[in-house]
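Thank you all for making time for this. I would like to walk you through one model, and I will give each cut-off as we come to it.

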Amino acid sequence: PMPVARAGESGKPTVIAHRGASAYAPENTLASIDKAAKLGFSWVENDVQRTKDGELVVIHDDSLERTTNVKKVFPGRAPWKVKDFTAAEIARLDAGSWFSPAYAGTRVPTLRQYMCRVEHNHEKLLLEIKNPELYPGIEQQTLKLLGNAGWLDRQHLGRLIVQSFSADSVRTVHDLKPALTTAYLGSPTVAQLSRYTPFTDLINPSYGSLSPAYVSAVHSFEGPHGKPLGVFAWTVNDAATARKVTDYGVDGLITNKPDVVRAALEAD
Ligand code: G3P
Ligand code: CA
């Protein structure tokens, strides 16, 4: 399969809604991916972690504190780590009210629920394995769930990229499913890049660490599928940065405000 690793035919970068359209709806919820779809975006990004009883859930922080009402519901359970709560306990939490009363009652989705909605919305997913050091075996478990849901079938591989800040995790994912497109989150030096090319198709850096020379250097390496390495930059939330980083030649822009980024690129 053709990895989704380089800028499209238009030459414009792919726009990816970060944690969903997270400037407009609570991050990493079904509401945030519905919002991305409504705005006309097909690519969404999320973060996957694991509950105490082994359920994969979609949430960014290793604690439930910031994005749910866990302090109110379970006041004695500080520091409210995701890994110390069962899926049933997490299902009771409100993951929307912190963002806006309009989203009261929104839940932390399980990965299973999330994938159903991605499918329903005809979206594509940049899935981040978050804090894998806390969750031994999470790579195998995630791929098993994706495989059972059909996401690893040949015809769907162009709709999925798995990324992590952990190079070990990215390598494990690549080894388990070599046809899958993978991304390493970070900005290795050019001298270090050949360590990553056996297992990653993309290098996804914070935009602040980019330069035109770095982007072309990354493009000059080949990934595990014999294609040039791609670059998706995060988290680009304003028009000026979107234009600047696009001029550097990046292949994707990961953003909380996909509409703002699209408008910036269209004005070019
Ligand atoms: O997709 C890139 C970005 O999500 C990485 O940072 O902390 O938002 O997961 P973070
Ligand atoms: Ca992320």
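What you see is a predicted model, in which local features need pLDDT of at least 70 and side-chain atom pairs count only at pLDDT 80 or more, whereas totals for chains, interfaces and linings use all residues. Residues are numbered from 1 along each chain as its sequence is written, while chains are lettered from A and ligands numbered from 1 in the order in which they are written.

Let me start with the ligand. Ligand 1 is surrounded by His18, Glu45, Asp47, His60, Glu128, Leu185, Asn204, Trp234 and Ile254, where a residue is near a molecule if its C-beta atom, placed from the backbone, lies within 6 Å of it. By class, that shell holds three nonpolar, three polar and three charged residues; here Ala, Val, Leu, Ile, Met, Phe, Trp, Tyr, Cys and Pro count as nonpolar, Asp, Glu, Lys and Arg as charged, and the others, Gly among them, as polar.

Leu185 of this shell also belongs to strand S6, residues 181-185, where five of the five residues are buried. Helices (H or I, at least four residues) and strands (E, at least two) are DSSP runs numbered from the N terminus, and a residue is buried if 20 or more other C-beta atoms lie within 10 Å of its own, exposed if 12 or fewer, and partly exposed in between, with C-beta atoms placed from the backbone. In a regular strand the side chains alternate between the two faces of the sheet. In S6, Thr181, Ala183 and Leu185 point one way, and Thr182 and Tyr184 the other.

What does S6 pair with? Strand S5, residues 160-164, pairs with S6 in the parallel sense over four bridges, and Gln163 has Ala183 as its bridge partner. S6 is also joined by three bridges to strand S7, residues 202-204, again in parallel, with Ile203 as the partner of Tyr184. Pairing requires that DSSP finds at least two bridges between the two strands.

S5, helix H6 (residues 167-176) and S6 make a right-handed β-α-β unit, right-handed meaning that, with the strands pointing away from the viewer, the path from the first strand over the helix to the second runs clockwise. The buried residues of H6 are Ser169, Val170, Thr172, Val173 and His174, and they pack against strand S4 (124-129), H5, S5 and S6.

Leaving out residues up to four places away in sequence, Leu152 touches Leu143, Leu146, Gly147, Leu157, Lys177 and Leu180, contact meaning C-beta atoms, placed from the backbone, within 7 Å.

Finally, the backbone. Most residues other than glycine have a negative phi, and most peptide bonds are trans. Arg19, however, has a positive phi of about 60°, and this residue is buried, with 26 other C-beta atoms within 10 Å. His122 likewise has a positive phi, near 55°, but His122 is exposed, with 9 other C-beta atoms within 10 Å. Two peptide bonds to inspect are the cis bond from Ala78 to Pro79, with omega near 0°, and the cis bond joining Trp234 and Thr235, with omega about -25°.

Key. Contact = placed C-beta atoms within 7 Å.
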